[in-house]
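Open the structure in your viewer and keep the selection tool at hand. We will go stop by stop.

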Amino acid sequence: MRNAFADEITQLAAADPRVVLLSGDIGNRLFDRYKEAQPERFFNCGVAEQNMMGMAAGLAMSGFRPFVYTITPFVTTRCLEQIRNDAAYHDVPVTVVGVGAGMAYAGLGPTHHSCEDIAFLRALPNMQVLAPGDAWEVRAVVQALPRQDRPAYVRMGKKGEPLVHSGRLADFAIGRAIRLSDGSDVCLLASGTILPEAVEAGRLLAEAGVSAGVYSFPSVKPLDQACLAGAFQRFAKVVTVEEHSLVGGVGSAVAEWAVDNGADARKLLRIGTPDAFFKQSGSLAFARRRLGLTGPQIAERVRATLAERGNAA
Amino acid sequence: MTLAPDPAPGVDVPRLQRQAAQIRGRVVEMCHASKSAHLGSSLSCIDILTAAYWHVLDVDPADPKAPGRDRFILSKGHAAMAIYATLAARGFFPSEELASYNQDDGRLAEHPPANMVPGVEAATGSLGHGLPIGLGMALAARLRGERHRVFVLMSDGETNEGSVWEAALFAAARKLDRICVIVDYNKWQATGRSDEVLGLAPLADKWAAFGWDVRRLDGHDVGLLAATMAAVPNGSGKPVALIADTVKGKGVSFMEDDNNWHYRAPTAEEVAMARAELGLEAP
């Protein structure tokens with residue numbers, strides 16, 4: 001995903017002279033092509049995220065379209081007040097880009113994990129929150145953002161994630177879910193880096209005779225309300241899947257929407273990370289296994305929930 | 001008979017002093033009417049504001065968003081009364097609106113709000129935000145080849161914030177010589193002496209060590225302030241830090257250097273006494 005971001009921001013900066021890129025002393029070599037093309041519009045801001053975010057706001061107040069890039073917890077929680085006061089409160093088009101969201105940096109430990117960022121960022125007025133599910137969604141989000149002229153947060157993975165889409169998304173829009181497969185029994189709404197696991201879960205469910213509609217749900221704020229209304233109407237079960245805490249993430253946003261809009265919230269199953277730090281060492285694959293976030297585990301969880309419901313009925 | 005050289009050529013010092021006294025009088029009234037805090041902090045920076053708005057800044061109250069204007073950010077947002085009274089006196093909005101300060105459903109809140117008040121470049125209130133924002137504005141100007149300058153007024157207590165020093169490091173690395181920080185060094189913060197709460201001294205040496213061109217000066221000498229600020233960029237090739245020695249509560253004898261006036265509001269009698277000391281008529 002980060003390579004897609006670097007490529008896309010390079011293209012965007014070539015087309016839009018308002019685009020500037022601020023990096024918190026990471027991305028060695030990653031932005032070489034960008035820097036070669038736009039040496040004036042790249043700022044390595046050092047390991048100083050508060051200043052980096054405040055400067056981005058100052059640039060945005062002056063008509064630029066800054067993208068602020070570093071590892072997810074450092075570009076969100078480390079400088080949360082600058083995001084809140086300087087970008088969101090002033091309602092200026094700063095785009096916060098977190099690399100390695102969720103458990104992407106599993107091996108680096110809890111200081112580098114990020115399973116709370118959606119909760120913090122979506123609570124901020126004016127802030128859009130986007131969790132692209134593969135590299136093509138990253139590209140679509142980066143292209144769509146400067147047209148919005150609003151503060152935004154993009155949480156993405158690291159590199160080498162499986163592709164879900166086969167090419168550029170022709171009709172991508174912020175605030176709209178993307179249907180990947182239709183179904184009739186259960187609806188999976190997968191947000192962000194966990195998307196490939198959810199797609200696998202949908203396939204496994206189909207093999208087991210459960211018809212699953214799978215949607216990529218990259219837009220956490222604003223929510224695709226039409227998609228949610230349809231899902232709660234048509235399906236017996238609506239499942240949110242995310243690599244983020246169950247406290248305040250996409251599942252929470254959907255639950256809030258359901259309660260506030262008269263949908264049957266009992267249909268909702270939320271799959272995400274628990275309210276706990278993940279302290280064991282190991283790979284992303286290990287962490288997902290331990291957290292119950294692999295495709296087979298998600299499929300099994302959904303199947304078991306459907307069976308429970310069948311027994312109860 | 002020989003005349004001493006004029007320390008501030010071209011500066012109309014008596015006019016600035018009269019202007020500063022009027023703003024002080026207005027601020028004392030606003031504090032009394034609204035029963036709000038931060039009178040001492042507001043009074044200590046009024047000579048700096050007066051020098052900036054009546055001699056230094058290229059700003060047009062009729063066109064407050066003009067792209068080429070100089071930017072002035074009140075990073076010590078708790079001195080909101082001072083900036084409101086200054087902006088009103090300079091014609092950014094009618095002085096009558098000052099009566100709405102801190103009243104229900106107004107726009108003159110106890111800290112300057114975002115995108116509401118003409119002349120307020122950035123909302124502040126949480127300390128340590130103004131300089132990074134100012135650096136972003138300075139970078140924007142440089143990218144566009146614009147010549148305007150960015151002035152950031154902060155308090156000495158504000159330099160407790162780590163973000164100030166992050167920004168100081170960045171500005172020095174990029175040689176942003178069109179940015180000027182003025183530290184209102186009144187030696188007090190909310191609950192104690194600013195050199196004792198944290199190890200602030202030697203403050204000027206710290207800025208110099210961070211790569212800034214530092215001038216220490218009397219923060220109530222409007223002529224010197226005006227001349228020094230007007231000279232930015234000053235040819236040093238560095239960002240400029242003016243360490244302005246000030247007195248909290250300046251201009252009203254019974255408020256000067258008394259930190260109770262960080263939170264206290266004056267009575268009607270005290271307002272009258274203050275205005276008399278400032279050479280102003282009774283309200």
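What follows is a tour through a few selections in chains A and B.

**Before you start**

This is a predicted model, in which local features need pLDDT of at least 70, side-chain atom pairs count only at pLDDT 80 or more, and totals for chains, interfaces and linings use all residues. Residues are numbered from 1 along each chain as its sequence is written, while chains are lettered from A and ligands numbered from 1 in the order in which they are written.

Colour by pLDDT, the predictor's confidence in each residue, from 0 to 100. Chain B averages 96, and 97% of its residues score at least 70. For the complex, the predictor gives an ipTM of 0.96 and a pTM of 0.96.

Helices (H or I, at least four residues) and strands (E, at least two) are DSSP runs, numbered from the N terminus.

**Stop 1: helix α3 of chain A**

Select residues 49-61 of chain A. This is α3(A), with 13 residues. From first C-alpha to last it reaches 18 Å, close to the 18 Å expected at 1.5 Å a residue. That expected span is 1.5 Å times one less than the number of residues.

Is the helix mostly covered or mostly open? Mostly covered: 13 of its 13 residues are buried. Buried means that 20 or more other C-beta atoms lie within 10 Å of the residue's own; exposed means 12 or fewer, partly exposed is in between, and C-beta atoms are placed from the backbone. Now step to G63(A), which follows α3(A) and has a positive phi, near 100 degrees.

**Stop 2: strand β6 of chain A**

Select residues 152-156 of chain A.

Strands pair if DSSP finds at least two bridges between them. β4(A), residues 95-99, runs parallel to β6(A) and is joined to it by 5 bridges. There, V99(A) stands opposite M156(A). β5(A), residues 128-130, also pairs with β6(A) in the parallel sense, over 3 bridges. V129(A) has Y153(A) as its bridge partner.

With β5(A) and β6(A) it makes a right-handed β-α-β unit. Right-handed means that, with the strands pointing away from the viewer, the path from the first strand over the helix to the second runs clockwise.

**Stop 3: strand β9 of chain A**

Select residues 212-216 of chain A.

β7(A), residues 178-181, pairs with β9(A) in the antiparallel sense over 3 bridges. β8(A), residues 186-191, pairs with β9(A) in the parallel sense over 5 bridges. Find S216(A): I178(A) stands opposite it, and A190(A) is a bridge partner of S216(A). From β8(A), the chain crosses through α8(A), residues 195-207, to β9(A) in a right-handed crossover.

**Stop 4: K187 of chain B**

Select K187(B), in the loop between β3(B) and β4(B). With 20 C-beta neighbours inside 10 Å, K187(B) counts as buried. V247(B) is 60 residues away in sequence, yet 7.7 Å away in space, C-alpha to C-alpha.

**Stop 5: where the chains meet**

Show both chains. The contact (C-beta atoms, placed from the backbone, within 7 Å) takes 21 residues from chain B and 24 from chain A. On the chain B side, α5(B) gives the largest share, 9 residues.

Notes: Contact = placed C-beta atoms within 7 Å.
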